[in-house]
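Hello,

Here is the model we talked about. Please have a look at it before you read my notes.

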Amino acid sequence: MSDVNRVVVTGLGAVTPVGHTAAVYWENLKQGICGIGPITLTQTPEELSQKVAAEVKDFDPLKHFEERELSTLDRVSQLAVVAAREAIAQAAITFDMPLSLRTATIIGSGVGGQTTLDESFRRVYRENRSRVFPLTIPKLMA
């Protein structure tokens, strides 16, 4: 056998427009359920030129995080953490195991932090504030 490293997927997690868990996501995919629909998560959808999107609807961050944590996590990071927690639980990984140092998480995201970026623009350009929220840059990062 060659020196190629083996990869074993031990857990999956997903928070998507068609399911808030990997199992629900997969079942909805198999049934052909579409997650694309009218935009609802913006305060002013009438101002948008694009009226449809694939939004993760009905996600309540307070079911997963303490309120004080939310000021440091953009929505994309909230979704990623919830999916990662699901994958960890499914894999039954404990981080005191010898293999924990060789454990990784693969995250797929086209872009992150857009909610925070939008809020920052709104704050500066619409509300005429002189500065953005102090944790804007860390909060932008997925």
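Start with Glu27. This residue is partly exposed, at 37% relative accessibility. For that scale, buried means under 20% relative accessible area, exposed means over 50%, and partly exposed lies in between (1.4 Å probe, protein chains only). Glu27 forms a salt bridge with Lys30, and their closest N and O atoms are 2.9 Å apart. A salt bridge here is a side-chain nitrogen of Lys or Arg within 4 Å of a carboxyl oxygen of Asp or Glu. Why can these two side chains meet? Lys30 and Glu27 are 3 residues apart in helix α1, so about one helical turn separates them.

Now the ground rules. This is a predicted model, in which local features need pLDDT of at least 70 and side-chain atom pairs count only at pLDDT 80 or more, while totals for chains, interfaces and linings use all residues. Residues are numbered from 1 along each chain as its sequence is written, and side-chain values use heavy atoms, with hydrogens and water left out.

Overall layout

The protein has 4 helices and 2 strands. Along the sequence they follow the pattern α-β-β-α-α-α. Both kinds of element are DSSP runs numbered from the N terminus: helices are H or I with at least four residues, strands are E with at least two.

The C-alpha trace spans about 60 × 40 × 35 Å along its principal axes. The radius of gyration is 18 Å, whereas a compact globule of 142 residues would be near 14 Å. That radius is taken over C-alpha atoms, and the globule rule is 2.2 Å times the number of residues to the power 0.38.

Of the 142 residues, 25% count as buried. The protein exposes about 10,600 Å², and carbon and sulfur atoms supply 58% of that area. Accessible areas come from the Shrake-Rupley method with a 1.4 Å probe; for residues, only the protein chains shown count as cover. Among contacts with a separation of 6 or more, 42% join residues 24 or more positions apart. Contact means heavy atoms within 4.5 Å.

Core

Which residues make up the largest nonpolar core? There are 9: Val15, Val56, Phe59, Phe65, Leu70, Leu73, Leu79, Val82 and Ala83. Such a core is a set of buried Ala, Val, Leu, Ile, Met, Phe, Trp, Tyr and Cys residues joined through side-chain atoms within 4.5 Å. Setting aside neighbours within four places in sequence, Ala83 is in contact with Gly13, Ala14 and Val15.

Gln78 sits in helix α2, residues 75-91. This residue is buried, at 8% relative accessible area. Beyond its neighbours within four places in sequence, Gln78 is in contact with Phe59, Pro61, Phe65, Leu70 and Leu73.

Thr116 lies in helix α3. Its relative accessible area is 4%, which is buried. Outside the four places either side in sequence, its contacts are Asp74, Thr136, Lys139 and Leu140.

Other salt bridges

The count comes to 4 salt bridges.

- Glu55 pairs with Lys57, with the closest N and O atoms 4.0 Å apart. Glu55 is buried at 9%, whereas Lys57 is partly exposed at 30%.
- Glu66 and Arg68 meet at 3.1 Å, N to O. Glu66 is partly exposed at 45%, and Arg68 is exposed at 64%.

Surface and backbone

Val7, Val9 and Leu12 form a nonpolar surface patch, with about 340 Å² of accessible area together. Patches take residues with over 30% relative accessible area and no salt bridge; like charges are joined within 9 Å, nonpolar side chains (Val, Leu, Ile, Met, Phe, Trp, Tyr) within 5 Å. Leu12 belongs to the segment before α1 (22-30). Leu12 is partly exposed, at 49%.

Two backbone angles are worth checking. Most residues other than glycine have a negative phi. Asp58 has a positive phi, near 60°. Asp58 lies in the loop between β2 (52-54) and α2, and is exposed at 76%. Ala92 also has a positive phi, near 55°. Ala92 is placed in the loop between α2 and α3 (114-126), and counts as exposed at 58%.

Over to you.
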